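Subject: Structure handover

Hello,

Here is the structure you will be taking over, followed by notes on what was found in it. Please read the notes with the model open beside them.

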Amino acid sequence: MKELSLNILDVAENSVKAGASLTQIIIVEEGNKLTLQIKDDGCGMSEEVVKSVIDPFYTTRTTRKVGLGVPLLKLAAEQTGGSFSVESKTQEDNPESHGTCVTAVFFKDHLDFTPLGDVVSSIVTLIQGHPDTDFYFSHKQGEHSAELDTRQLREILGDVPLNSYEVIKWTEEYLREQYQGFNL
């Protein structure tokens, strides 16, 4: 993928498909290191599935026989000298604390670093496409930070759907405003 924001969209979509009620997308930039973490409270995966998920020829989809999202994210991280991990607990084995955490570490000064891209559009797309799922987003870069929690929006908005035009436009403007001052 040409931008990490597309990887974020892909992995977060997997979280929604796993039945997550909350998906957390956390980006932390410290010096030349960027850490991306996507955590959910979905049904989780067994150890066997976790080992298989980095294989591009493994997918749970029935429409095609390959799943490239996670393997491409792993490759993108490791190409920069970074690392990649997937940790998961199944709902069956851990009824109180189940879900999956994908962590990718990148070194931004490496020639093969994939640009972050338009993260705001990815977050807005997730909210628009899954208005009944909650998303927590945080991006920290030095003194700058951008943050959005749809649980807080729900408290304020009551019955107004998160994917209504006005809410989506406000969400996009709110996030873009927070990105002023970021070095992107």
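Glu78 is partly exposed, as its relative accessible area is 37%; here buried means under 20% relative accessible area, exposed means over 50%, and partly exposed lies in between, with a 1.4 Å probe and protein chains only. Its partner is Lys74, and the two form a salt bridge with the closest N and O atoms 3.0 Å apart. A salt bridge is counted when a side-chain nitrogen of Lys or Arg is within 4 Å of a carboxyl oxygen of Asp or Glu. Lys74 and Glu78 are both in helix H3 (residues 69-79), 4 residues apart, which is about one turn of the helix. Helices (H or I, at least four residues) and strands (E, at least two) are DSSP runs, numbered from the N terminus.

Before going further, two notes on the source. This is a predicted model, in which local features need pLDDT of at least 70 and side-chain atom pairs count only at pLDDT 80 or more, while totals for chains, interfaces and linings use all residues. Residues are numbered from 1 along each chain as its sequence is written, and side-chain values use heavy atoms, with hydrogens and water left out.

Salt bridges

The count comes to 7 salt bridges. One of them joins Arg176 and Asp118, at 3.2 Å from N to O. Arg176 lies in helix H6 (residues 165-178) and Asp118 in the loop between strand E4 (99-107) and helix H4 (119-129), so this pair ties together parts that are 58 residues apart in sequence. Both ends are partly exposed: Arg176 has a relative accessible area of 34%, and Asp118 has 30%.

Arg176 also forms a salt bridge with Glu172, with the closest N and O atoms 3.3 Å apart. These two residues both lie in helix H6, 4 residues apart, or about one turn of the helix. Glu172 is partly exposed at 21% relative accessibility. Through shared partners, salt bridges join Asp118, Lys169, Glu172 and Arg176 into one network.

Strands and core

Strand E1 (residues 22-30) runs parallel to strand E5 (residues 134-141), and 8 bridges join them; strands are taken to pair if DSSP finds at least two bridges between them. Within this pairing, Ile25 has Phe137 in E5 as its bridge partner. E1 is also joined by 8 bridges to strand E2 (residues 33-40), and these two run antiparallel. Gln24 has Lys39 in E2 as its bridge partner. E1 and E2 form a hairpin with 2 residues between them, and Gly31 in the turn has a positive phi of about 60°.

The largest nonpolar core has 42 residues, of which Ile25, Leu36, Leu73, Phe106, Ile123 and Phe137 touch the most other members. Such a core is a set of buried Ala, Val, Leu, Ile, Met, Phe, Trp, Tyr and Cys residues joined through side-chain atoms within 4.5 Å. Not counting residues up to four places away in sequence, Phe137 touches several residues, including Ile25, Val119, Ile123, Leu175 and Tyr179; contact means heavy atoms within 4.5 Å.

Ser138 is also in strand E5, and at 4% relative accessibility it is buried. Leaving aside neighbours within four places in sequence, Ser138 is in contact with Ile25, Ile26, Ile27, Ala146 and Glu147.

In H4, the buried residues are Val119, Val120, Ser122, Ile123, Val124, Leu126 and Ile127. They pack against helix H1 (4-17), E1, E5, strand E6 (144-149), helix H5 (150-157) and H6.

Aromatic pairs

There are 3 aromatic pairs in the structure. Rings of Phe, Tyr and Trp (its six-membered ring) pair if their centres lie within 6.5 Å; planes under 30 degrees apart count as stacked, over 60 as edge-to-face and the rest as tilted. Phe106 and Phe113 have ring centres 6.1 Å apart and planes at 75°, so they are edge-to-face. Phe106 is buried at 0% relative accessibility, and Phe113 is buried at 18%. Tyr179 and Phe182 form a tilted pair, 4.5 Å centre to centre with 45° between the planes. Both Tyr179 and Phe182 are buried.

Cysteines

The structure holds 0 disulfides, a disulfide being a pair of cysteine sulfur atoms within 2.5 Å. For Cys43, the nearest cysteine sulfur is that of Cys101, 15 Å away, which is too far for a bond. Cys43 is partly exposed at 37% relative accessibility, whereas Cys101 is buried at 14%.

Regards
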